[in-house]
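Dear colleague,

Please find below the sequence and structure for your review.

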Amino acid sequence: MKPKPGKPGSAMQFGGSSQTAQPAGKLDKEVQTKIGQQLRAMYDEVVRQGVPDRFAELLRKFEQPDTKPNGDGDPKP
Amino acid sequence: MKLEPSVRDAVLAAIPRLRAFGISLTGNVDRADDLVQETLARALANINSFEPGTNMQAWLFTILRNLFRSEYRKRRREVEDAEGRYAETLVTQPEQTSQLEYKEMRVALAKLPDDQREALILVGASGFSYEEAAAICGCAVGTIKSRVNRARNRLAAELAIESPEDLGPDSQVRAVVAPKGR
């Protein structure tokens, strides 16, 4: 085993990087597609949870500020 | 105050996406829900300034985005947290099956600058056009395009490191950092 080269970056020149010419464009595209799918999946998972009660309640209270569902001594008809 | 039924329906219909946007921005469900709550309170207080026939979702997104920006600037200064440390505190949702996968995505998202993150989410996940996203963020369409591109490239760089087959020289580093043998 060789000791590590002192300079960062000098290791890159060892590696024969010119040999490993991959189709970078294609790889990029695959990565980008996967990122897009993951972003949307993450997002849609929240969307599928619908409207939490607290927000439906907020709208209800805005429209009818006077109604108290568990108000004091609310006589039932 | 009574809302027009069409207005009420539009607000309700926008809430799930508004939450998803908030969670994507903050990385934290509780903070996102507080942000949505505040957004709705502001929106309802100013409901008369909503122009019927325009996009309710875009209107609400704009309010949430601006609240996030102003609230967050304060918070960032308070916390003075390193990017990585902040990312580690992110809350993921317990019911997720692919929690790990999303967690990586959330951590990577959290490392993006705010302007790139919001642009990417608006266009790449919320499905807004570049034009709509530009209107929400109050900037030029070209600016949104370049932010989205930069965000995608940074995410790709960030996430590519996580998959072992993409590890080149880094695998040596990882072996040093995490010695399994002893």
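This is a predicted model: local features need pLDDT of at least 70, side-chain atom pairs count only at pLDDT 80 or more; totals for chains, interfaces and linings use all residues.

Aromatic rings

A search of the whole structure gives three aromatic pairs over all chains. In one of them, the ring centres of B:Phe21 and B:Phe61 are 4.7 Å apart and the planes meet at 15 degrees, so this pair is stacked. B:Phe21 belongs to helix α1 of chain B (residues 5–26) and B:Phe61 to helix α3 of chain B (residues 56–79), so the pair ties together parts that are 40 residues apart in sequence. Both B:Phe21 and B:Phe61 are buried.

B:Phe61 also pairs with B:Phe128, here in an edge-to-face arrangement, with 5.0 Å from centre to centre and 70 degrees between the planes. Because B:Phe61 lies in helix α3 of chain B and B:Phe128 in the loop between α6 (114–124) and α7 (130–137) of chain B, this contact ties together parts that are 67 residues apart in sequence. The relative accessible area of B:Phe61 is 0%, and that of B:Phe128, likewise a buried residue, is 7%. Taken together, B:Phe21, B:Phe61 and B:Phe128 form one aromatic cluster.

Salt bridges

The count comes to ten salt bridges over all chains. One of them is formed by the side chains of B:Asp34 and A:Arg54, at 3.2 Å from N to O. B:Asp34 is partly exposed at 44% relative accessibility, and A:Arg54 is partly exposed at 35%.

Within chain A, the side chains of A:Arg60 and A:Glu57 meet in a salt bridge of 2.7 Å, N to O. These two residues both lie in helix α3 of chain A, three residues apart, which is about one turn of the helix. A:Arg60 is partly exposed, with a relative accessible area of 46%, as is A:Glu57, with 25%.

Within chain B, B:Asp33 and B:Arg19 form a salt bridge whose closest N and O atoms are 2.8 Å apart. Both B:Asp33 and B:Arg19 are buried. Finally, a network of salt bridges links B:Arg65, B:Arg69 and B:Glu118.

Yours sincerely

Conventions: Residues are numbered from 1 along each chain as its sequence is written. Chains are lettered from A and ligands numbered from 1 in the order in which they are written. Side-chain values use heavy atoms; hydrogens and water are left out. Rings of Phe, Tyr and Trp (its six-membered ring) pair if their centres lie within 6.5 Å; planes under 30 degrees apart count as stacked, over 60 as edge-to-face and the rest as tilted. Helices (H or I, at least four residues) and strands (E, at least two) are DSSP runs, numbered from the N terminus. Buried means under 20% relative accessible area, exposed over 50%, partly exposed in between (1.4 Å probe, protein chains only). A salt bridge is a side-chain nitrogen of Lys or Arg within 4 Å of a carboxyl oxygen of Asp or Glu.
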